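Hi,

Here is the structure I said I would pass on. Have a look at it first, and my notes follow below.

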Amino acid sequence: KYNTWYNTFQNFLKEGTQSDAENKDALFRLLRFNANFTDKQSDFISLDDYKEKMVEGQQKIFFAYGTSYDAAIKSPFYEPFKGKDVPVLIITNQLDEFCLTSSGDHKGTPFLNIE
């Protein structure tokens, strides 16, 4: 049910992370993303789920942007992450890229576009 609701309202949530500084953290808890460690392209995770998968010593939330899931993971920038346990968010919506880049971090962990 959440994914259905999320698909309808995700753009408003993402916009809110930029326009409502007071509720930014609460809105970030509602966001969902694909990642290189999920079973399917339709499985979405929260940023807290991502942080639980971070490897020891990892200090950034990595993300790859592409016009599709396949395009993002076939990017030459993704090569260093193949076969590794390092989690990478896979984003296909330009609003996601803007949201992560302009927010800078999530709970003190900076976002980094792998490009």
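Glu79 and Lys82 join their side chains in a salt bridge, 2.9 Å from N to O; the rule asks for a side-chain nitrogen of Lys or Arg within 4 Å of a carboxyl oxygen of Asp or Glu. Glu79 is partly exposed at 44% relative accessible area, and so is Lys82 at 40%. For these words, buried is under 20% relative accessible area, exposed is over 50%, and partly exposed is in between, with a 1.4 Å probe and protein chains only.

Before going on, a word on what you're looking at: this is a predicted model, where local features need pLDDT of at least 70 and side-chain atom pairs count only at pLDDT 80 or more, while totals for chains, interfaces and linings use all residues. Residues are numbered from 1 along each chain as its sequence is written, and side-chain values use heavy atoms, with hydrogens and water left out.

Back to the charges. The salt bridge count is three. In another of these, Asp96 pairs with Lys14, with 2.6 Å between the closest N and O atoms. Asp96 belongs to helix H5 and Lys14 to helix H1, so this pair ties together parts 82 residues apart in sequence. Are these two buried or exposed? Asp96 is buried at 7%, and Lys14 is buried at 1%. Asp48 and Lys107 also meet in a salt bridge, at 3.1 Å from N to O. Asp48 sits in helix H3 and Lys107 in the loop between strand E4 (105-106) and E5, so parts 59 residues apart in sequence are tied together. Asp48 is partly exposed, at 27%. (Helices are DSSP runs of H or I with at least four residues, strands are E runs of at least two, and both are numbered from the N terminus.)

Now for H1, which covers residues 2-19 and bends by about 65 degrees at Phe9. That bend is the angle between axes fitted to the seven residues ending there and the seven starting there. The buried residues of H1 are Tyr6, Gln10, Leu13, Lys14, Gly16 and Thr17, and they pack against helix H2 (24-30) and helix H5 (94-103). Tyr6 has 2% relative accessibility, so it counts as buried. Setting aside neighbours within four places in sequence, Tyr6 is in contact (heavy atoms within 4.5 Å) with Leu13, Lys14, Leu30, Leu31 and Arg32.

Phe12, also in H1, is exposed at 58%. Together with Trp5 and Phe9, Phe12 makes a nonpolar surface patch of about 330 Å². Patch residues have over 30% relative accessible area and no salt bridge; like charges are joined within 9 Å and nonpolar side chains (Val, Leu, Ile, Met, Phe, Trp, Tyr) within 5 Å. The areas come from Shrake-Rupley with a 1.4 Å probe, and for residues only the protein chains shown count as cover.

Then the inside. The largest nonpolar core has 29 residues, and Leu89 and Leu100 touch the most other members. Such a core is a set of buried Ala, Val, Leu, Ile, Met, Phe, Trp, Tyr and Cys residues joined through side-chain atoms within 4.5 Å. Elements giving two or more residues to this core include strand E2 (61-65), helix H4 (69-73) and strand E3 (88-91). E2 gives the most, with five. Not counting residues up to four places away in sequence, Leu89 touches, among others, Phe33, Ile45, Tyr50, Phe63 and Leu100.

Cheers
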